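Please keep the sequence and the model at hand while reading.

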Amino acid sequence: MRILVTGGTGYIGSHTAVELLNAGHEVVIFDNLSNSDIEVVDKIKKITGKSLVFYYADMLDKPALDKIFDQEPIDCVIHFAGLKAVGESVKNPYLYYHNNIVGTLNLIEAMQTHGVTNMIFSSSATVYGTPKSVPIDETFEKGQCVNPYGWTKSMIEQILTDIQRANAWNVVLLRYFNPIGAHPSGLIGEKPNGVPNNLMPYITQVAIGERKELGVFGNDYDTPDGTGIRDYIHVVDLANAHVCALKKIGDRSGLSVYNIGTGKGYSVLEVIRNFEKVNGIPIPYSIRPRREGDLASYYANADKAKRELGWQPKYGIEDMVRDSWNFQQMQGRSVSSEQDS
Ligand code: NAD
Ligand code: WQD
C-alpha cells in the first residue's frame, strides 16, 4: 500500500515509517516540523535503505493538503500529526483545539475530496479518563478527560466514528498507552522540546548529566511501592501495531478500536531500577508532591489487538530502558540545559 503518514518525522510516526518501509509499503510523509527535525527523513532512509517522499506542510493549510493528495495516490492515511503536551494544552487550550481538531477536519476533507476512505488514527488511553478498574479493555466507556489534549483525542475519535458510519470508511483507532524507547540503531527516538514532561526522557537526561535528579511525583499512591504504575510499550512494538492494523484496513472492516499496550504495568521506581541495572548508571531522585491529574495505576488489557491484529509486543522493559539510553547517548547533551523543574 501507499501510506500517507501525517506527522511522520515525529517520535512515533518516524518509527512507524521505518516499519512500514520494512514491510514493503510505500511511504509519503507530511509534517510542519513544529516538533521534529527534517534530518529524520534521511535517518529513516538510512535505517531502511529505502526511499520515501516528504512534504513540508501544515495540516491547517488546506491547499497544501490538496496538493499532496493531487500528487500522491494514497491508499491509507496514518494520522500522527498533532500537539501532545498535556501541560501546554491546559495553558493554551485554543492552540490544541485549533491545531488538532481543525487540522484533522482539513485532513478528512482532503481525503473525501480525493476518494481516500482508509485511516488509522493515533488515539490515546487518555480517552478513558479515570477508569473504573485496571486493566482497561476496549469495552470500557470513554471518560471525562483530564486535560484539553485528551479531549482533542476523544473528540477526533467521535468525528472519525461518525464519518466512518456515514461514508462507509475503514477506520482503526489505536489507543496508545505509554510509548518509550527508541529504534535500536539510536538514529531516531524521542526528542522533547525543553524540560521533558514524560518520565523516560527525563531519566535519560539525568543519566547524561543534563538534569540534576529526577523528581518522583508522589510515593503515596495505592500501589505496591507507592509510585505510579503505567503500561510502557516499546515504540518499535507500537510502530508494528500500525503495520498489523493495515491488515484490518485491507479487510474493509469498518470501525475498529484497539488498546496498544503490553498489558503489564511498571511503577516509577521499577523503571528507575531497571534503567540502573541495564545501563549501569545511578539515577538520583527525590520524592515530590503528586502531579495534578495523575492516576495511581493505568495499564491495558491488550488481548483484542493480539487476537484480531495478530500483533504481539516483542520488547520488554529492559529493551526499552536500553534503547532509550542508547538514543540519548547518540544525541549527547543539548547545548542549553534548561533549569530543572
Ligand atoms: P511528536 O510531537 O513527536 O509527533 C507529532 C508530529 O506532528 C511532529 O513531528 C509535529 O511536527 C507534527 N505536527 C504537529 N502539528 C502539525 C500540523 N499542524 N501540521 C503538520 N504536522 C504537525 O509526537 P508523538 O509522540 O510521535 O505522537 C504522535 C501522535 O501519537 C500524536 O497524535 C500523539 O497525540 C499521539 N500519542 C502519543 C503518545 C505519547 O506518549 N507519545 C501517547 C498517545 C498518543
Ligand atoms: C509516567 C509516570 C508520573 C515524569 C502521558 C500523557 C498521556 C500520553 C502518555 C499522549 C507517572 C511519573 C513522570 C517525572 C514522574 N501522552 N513521572 N516524574 O502521565 O502516564 O501519560 O504520556 O497521549 O496522555 O498524560 O506519562 O511519562 O508523564 O508519567 O514521577 O518527571 O511517571 O507521575 O506516574 P503519563 P508520564
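How far is an oxygen atom of ligand 1 from an N or O atom in the side chain of Asp31? The separation is 2.6 Å.

## Basis of the report

The model is predicted, so local features need pLDDT of at least 70 and side-chain atom pairs count only at pLDDT 80 or more, while totals for chains, interfaces and linings use all residues. Residues are numbered from 1 along each chain as its sequence is written, chains are lettered from A and ligands numbered from 1 in the order in which they are written, and side-chain values use heavy atoms, with hydrogens and water left out.

## The surroundings of ligand 1

In the side chain of Tyr149, an N or O atom is 2.6 Å from an oxygen atom of ligand 1. The side chain of Asn99 has an N or O atom 2.8 Å from a nitrogen atom of this ligand. Of the 820 Å² of accessible area that ligand 1 has on its own, the protein covers 95%; accessible areas come from the Shrake-Rupley method with a 1.4 Å probe, and for residues only the protein chains shown count as cover.

Elements that give two or more residues to the shell around ligand 1 are α1 (11-22), β2 (26-31), β5 (118-124) and α6 (148-167). Helices (H or I, at least four residues) and strands (E, at least two) are DSSP runs, numbered from the N terminus. The largest share of this shell, 3 residues, is provided by β5. There are 28 residues around ligand 1, and Asp31, Asn35, Ser36, Tyr149 and Lys153 come nearest; a residue is near a molecule or strand if one of its heavy atoms lies within 4 Å of it. By class, 12 residues of the shell are nonpolar, 12 polar and 4 charged. Ala, Val, Leu, Ile, Met, Phe, Trp, Tyr, Cys and Pro count as nonpolar, Asp, Glu, Lys and Arg as charged, and the others, Gly among them, as polar.

## The surroundings of ligand 2

Of the 18 residues around ligand 2, Tyr149, Gly215, Arg230, Arg291 and Asp294 come nearest. A backbone N or O atom of Gly215 lies 2.8 Å from a nitrogen atom of ligand 2. Oxygen atoms of the ligand are also approached: a polar side-chain atom of Ser124 lies 3.1 Å from one, and a backbone N or O atom of Asn197 lies 3.5 Å from one. The protein covers 87% of the 680 Å² of accessible area that ligand 2 has on its own.

Strand β8 (residues 214-217) gives the largest share of the shell around ligand 2, namely 4 residues. The shell has 8 nonpolar, 7 polar and 3 charged residues.

## Aromatic pairs

How many aromatic pairs does the structure hold? There are 2. Rings of Phe, Tyr and Trp (its six-membered ring) pair if their centres lie within 6.5 Å; planes under 30 degrees apart count as stacked, over 60 as edge-to-face and the rest as tilted. Phe177 and Tyr298 form a tilted pair, 6.2 Å centre to centre with 50° between the planes. Phe177 lies in the loop between β6 (170-176) and β7 (178-180) and Tyr298 in strand β14 (residues 297-298), so the pair ties together parts that are 121 residues apart in sequence. Both Phe177 and Tyr298 are buried; buried means under 20% relative accessible area, exposed over 50%, and partly exposed in between (1.4 Å probe, protein chains only).

Phe275 and Trp325 form an edge-to-face pair, 6.1 Å centre to centre with 75° between the planes. This pair links helix α9 (residues 268-279), which holds Phe275, with helix α11 (residues 317-331), which holds Trp325, and the two residues are 50 apart. Phe275 is buried at a relative accessible area of 0%, and Trp325 counts as buried at 9%.

## Backbone features

The peptide bond from Val134 to Pro135 is cis, with omega near 0°. Pro135 is found in the loop between β5 and α6.

Ala168 is not a glycine, yet has a positive phi of about 55°. Ala168 is placed in the loop between α6 and β6 and counts as exposed at 54% relative accessibility. Arg252, also not a glycine, has a positive phi of about 50°. The loop between α8 (235-250) and β11 holds Arg252, which is exposed with a relative accessible area of 55%.

Conventions: A polar contact is a pair of N or O atoms within 3.5 Å; within protein, one must be able to donate a hydrogen and the other to accept it, and residues adjacent in sequence count only if both atoms are side-chain atoms.
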